[in-house]
Amino acid sequence: MTEALVLLCSSFSLPFVSEGPSGVLSVRMSPEVTLEVIASDTSVNAGGFTFTYRVEGARMVSRGFADTLFWVGPLPREALSAAALSGAGYLYETRTLRILNCTETYVGGLVEVETARDGRGESSYSAFRTWLLAGVPLDLDAVVQTDSLFRSALRSALGAPEAGNLDSWLWLKGFWLDSQSFLVLPEEESSILRIGLPSWKGLDSMLIVDLDLGSLNTAHGAMLD
């Protein structure tokens with residue numbers, strides 16, 4: 001991304017936080033710059049092989065200029081190649097993105113994946129994701145220290161017992177801790193770290209908890225600084 005485009009993003013309607021949980025398809029970041037969701041898809045039906053695939057991503061658009069930041073999955077050509085090598089006769093997959101929040105440094109979104117394959121029932125997966133505006137995906141370790149303080153705060157927010165393995169407890173509840181499934185929501189006093197724990201049962205659902213980011217140990221050299 002050019003320096004001029006970064007400067008244009010630095011002031012206008014930022015920080016942006018979606019009013020609803022389903023998110024938005026575009027955010028006007030300045031009078032000249034818009035962050036928008038884009039899509040690429042393919043469909044093949046030949047020789048006993050049926051493949052339908054759609055993936056979404058984000059790009060920054062200004063007057064006469066567009067810069068694709070990231071995709072939430074492989075591009076259609078890569079996905080088609082992998083599907084052909086899998087030996088399946090029927091594959092269907094969509095990977096969608098909705099923007100939930102955005103600052104001059106990062107963008108957070110809701111990613112939803114739906115898949116179906118050769119006689120298997122359709123399964124869904126939902127998770128949060130946060131990227132730097134350069135397109136780099138972040139994990140929790142880039143934002144906070146996932147130390148005893150973090151685990152204790154997470155246990156408390158979940159209502160989990162103080163003793164025992166937290167990951168095992170979550171698994172029994174039908175969820176798991178995805179280190180990339182989080183948002184950073186800016187507040188006047190202290191930002192909120194919103195963690196979305198996806199379902200491992202193929203369900204389009206998440207267990208969502210909010211932690212006060214200011215009460216946690218920030219990761220050394222946090223990439224959101």
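Reader: What makes strand 9 and strand 10 a pair?

Author: Bridges do. This is a predicted model, and in it 4 bridges join strand 9 to strand 10. Two strands pair if there are at least two bridges between them, so 4 bridges are enough. The two strands run antiparallel.

Reader: Now the rings. How many aromatic pairs does a search of the whole structure find?

Author: The search finds 4.

Reader: Why is the pair of Phe-49 and Phe-51 called stacked?

Author: Check the distance, then the angle. The ring centres of Phe-49 and Phe-51 are 6.1 Å apart, and the limit for a pair is 6.5 Å. Their planes stand at 5 degrees. Stacked requires under 30 degrees, so this pair is stacked.

Reader: Are Phe-49 and Phe-51 buried or exposed?

Author: Buried means under 20% relative accessible area. Phe-49 has 14%, so it is buried. Phe-51 has 3% relative accessibility, so it counts as buried. Ring pairs also link Phe-49, Phe-51 and Tyr-53 into a cluster.

Reader: What makes Trp-171 and Trp-200 a stacked pair?

Author: Their ring centres lie 4.5 Å apart, with the planes at 5 degrees, so the pair is stacked. Trp-171 and Trp-200 link distant parts of the chain, 29 residues apart. Trp-171 is in helix 4, residues 166–173. Trp-200 is in the loop between strand 10 (192–198) and strand 11 (206–212).

Reader: Why are Trp-171 and Trp-200 called partly exposed?

Author: The band runs between 20% and 50%. Trp-171 has 45% relative accessibility, so it counts as partly exposed. Trp-200 has 37%, so it falls in that band too.

Reader: How do you know that Lys-201 lies over the face of Trp-200?

Author: Lys-201 is at 5.8 Å from the ring centre of Trp-200. The distance limit is 6 Å. Lys-201 therefore meets the distance limit. Lying over the face also needs a position within 35 degrees of the ring normal.

Reader: Which residues have the most contacts inside the largest nonpolar core?

Author: Met-29, Leu-35, Phe-70, Leu-97 and Val-107. This core has 28 residues. The largest share, 6 residues, comes from strand 4. Apart from this core lies another, of 25 residues, among them Leu-170, Phe-182, Leu-193 and Leu-216.

Reader: What is Leu-35 in contact with?

Author: Neighbours within four places aside, its contacts include Leu-25, Met-29, Ala-58, Leu-69, Ile-99 and Val-107.

Reader: What makes strand 6 and strand 7 a pair?

Author: 11 bridges join strand 6 to strand 7, and at least two are needed, so they pair. They run antiparallel. Leu-97 stands opposite Val-111 in strand 7. The two strands form a hairpin with 3 residues between them.

Reader: How many bridges join strand 7 to strand 8?

Author: There are 10, and the strands run antiparallel. The bridge partner of Val-107 in strand 8 is Trp-131. This hairpin has 5 residues between the strands, and Asp-118 there takes a positive phi near 25 degrees.

Reader: Why does Ser-126 count as buried?

Author: Its relative accessibility is 4%, under the 20% limit, so Ser-126 counts as buried. Ser-126 lies in strand 8, residues 123–132. Residues up to four places away aside, Ser-126 touches Leu-110, Val-111, Glu-112, Pro-198, Asp-204, Ser-205 and Met-206.

Note on methods: Residues are numbered from 1 along each chain as its sequence is written. This is a predicted model: local features need pLDDT of at least 70, side-chain atom pairs count only at pLDDT 80 or more; totals for chains, interfaces and linings use all residues. Side-chain values use heavy atoms; hydrogens and water are left out. Rings of Phe, Tyr and Trp (its six-membered ring) pair if their centres lie within 6.5 Å; planes under 30 degrees apart count as stacked, over 60 as edge-to-face and the rest as tilted. Buried means under 20% relative accessible area, exposed over 50%, partly exposed in between (1.4 Å probe, protein chains only). A nonpolar core is a set of buried Ala, Val, Leu, Ile, Met, Phe, Trp, Tyr and Cys residues joined through side-chain atoms within 4.5 Å. Contact means heavy atoms within 4.5 Å.
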